[in-house]
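Welcome! Take a moment to look over the sequence and the structure shown here, and then we can walk through some of the details together.

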Amino acid sequence: MPPADTATDGWIRIADSADLDRPRPLIPVTLQGRRLVLFRDEEGQLGLIGRHCPHRGADLCYGRLEDNGLRCPFHGWHFDRTGQCVEQPAEPEGSRMHEQIRVPMVPVREENGAIWAQVGVELEQAAASEQEA
């Protein structure tokens, strides 16, 4: 992955598109002190979400890419590219608890062979709060 390039409009280059051209299109990214995971889902869309599952803190870089999202390797919580939890396998049938669970998400775009992430105040504040904890 190339060094991050800063853009003037709040976007920073975080990877080359070719970095995700592999059987498991997923890479760890640290952006403004925030640990994230970049992945390409089955529809070819990019996701840049928080690297740690909110349940037990498992590293989502070791998760399974499936059903257009990333499944936690520990208890199988499933997150889509927006960071929304879409499934919790151990919950009773009909449970809607997953609808209230999210991991942080950073907007990304792909242009001319480069992947860009939007940076801003929210990301800086989130990184500061993670360092305090």
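A search through the whole of this predicted model turns up 0 disulfides. C53 is thus a cysteine without such a bond: the cysteine sulfur nearest to that of C53 belongs to C72, 3.8 Å away. That pair does not count because a disulfide needs the two sulfur atoms within 2.5 Å.

Are the cysteines C53 and C61 buried or exposed? The table gives the values.

| Residue | Relative accessible area | Class |
|---|---|---|
| C53 | 3% | buried |
| C61 | 8% | buried |

Both fall in the buried class because the limit for it is under 20% relative accessible area.

Next, the nonpolar interior. In soluble globular proteins, nonpolar side chains tend to be buried together. Here the largest nonpolar core has 15 residues, and those touching the most other members are V37, I49, L60, L70, W77 and F79.

F79 is worth a visit of its own. Beyond its neighbours within four places in sequence, F79 has contacts that include I49, L60 and L70, as well as C53, P54 and I101.

What about the aromatic rings? The count of aromatic pairs is 0, but the ring of W11 has the charged end of R109 over it, 4.3 Å from the ring centre.

Finally, a word on confidence. The protein chain has a mean pLDDT of 85, with 83% of its residues at 70 or more. Over residues 1–8, however, pLDDT stays under 50, and the model has 19 contacts beyond four places in sequence for this stretch.

How values were computed: Residues numbered from 1 in each chain as written. Predicted model: local features only at pLDDT ≥ 70, side-chain atom pairs only at ≥ 80, totals over all residues. Heavy atoms only, no water. Core = buried A, V, L, I, M, F, W, Y, C linked by side-chain atoms within 4.5 Å. Buried < 20%, exposed > 50% of the residue type's maximum accessible area, 1.4 Å probe, protein only. Contact = heavy atoms within 4.5 Å. pLDDT = per-residue confidence, 0-100. Phe/Tyr/Trp six-rings, centres within 6.5 Å; stacked < 30°, edge-to-face > 60°. Lys NZ or Arg CZ within 6 Å of the ring centre and 35° of its normal.
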